Amino acid sequence: MNSIKALLLASLVAGSVVAVQAAPLKTDLAASGVSAVFKQMNVPVEAPFRTFAAQIDYDAAKPAAASASVEITTASFDIGDAMYNKEVAKKEWFNSAQFPKATFVSTSIAPAGAGKLTVSGKLTLKGKSANVTFPLTVKAAGAKTVFEGQLPIKRLAFNIGEGEWKDTSMVADEVVIKFRVTAAPASTAK
């Protein structure tokens, strides 16, 4: 009977260790950022989203078991001028009143060489969803892990820029979403 109890206790302890390893990482928002890079009248512009949340479950020993989700507040897009920021929140652009969040949820994460992953998932923006795949670099920074990548999209595929703003000579159709997420296990995050 004692051997059964010992086996049960060992199983519970082992299960606890596995659960700790699979715990989501805590994002260091001060060391993280998400921005959009686009061309306006052929001039490159990079503007950040000031409010976002990222949930990452990652174990370097098991990268294929990783998962990630990101939620961005569209009204937090900061072009650097209050008037323009209000404009891009309007119906023609992000329509932040009806679609306050843009989201990405991974469906697979695959190793792609040393310090590299290939991430696939669903991007939802302004009520439109698309399956996307992009490369991601991963590097250790002390107790933290830094995830960096770029996701090219076509803004018109998501109805970003309706009406007269469909004119790609004013604002190019090509947009690159750039991100850097720094995260650590919750027990070491500060």
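Which residue takes a positive phi in the hairpin of E6 and E7? I looked this up in a predicted model, in which local features need pLDDT of at least 70, side-chain atom pairs count only at pLDDT 80 or more, and totals for chains, interfaces and linings use all residues. Residues are numbered from 1 along each chain as its sequence is written, and side-chain values use heavy atoms, with hydrogens and water left out.

Entry 1, hairpins. I found that Gly-113 has the positive phi, near 110 degrees, in a hairpin with four residues between its strands. Strands here are DSSP runs of at least two residues, numbered from the N terminus. E6 (residues 101-111) pairs with E7 (residues 116-125) in the antiparallel sense over eight bridges; pairing requires at least two DSSP bridges. Ile-109 stands opposite Val-119 of E7. I then followed E7 to E8 (residues 128-141), an antiparallel pairing over ten bridges. Two residues lie between E7 and E8, and Lys-126 has a positive phi near 55 degrees in that hairpin.

I located Lys-116 in strand E7. Lys-116 counts as partly exposed because its relative accessibility is 46%, between the limits of under 20% for buried and over 50% for exposed (1.4 Å probe, protein chains only). Leaving out residues up to four places away in sequence, Lys-116 touches Ala-110, Pro-111 and Leu-136; contact means heavy atoms within 4.5 Å.

Beyond four places in sequence, I noted contacts of Leu-123 with residues including Phe-104, Val-132, Ile-153 and Ile-177.
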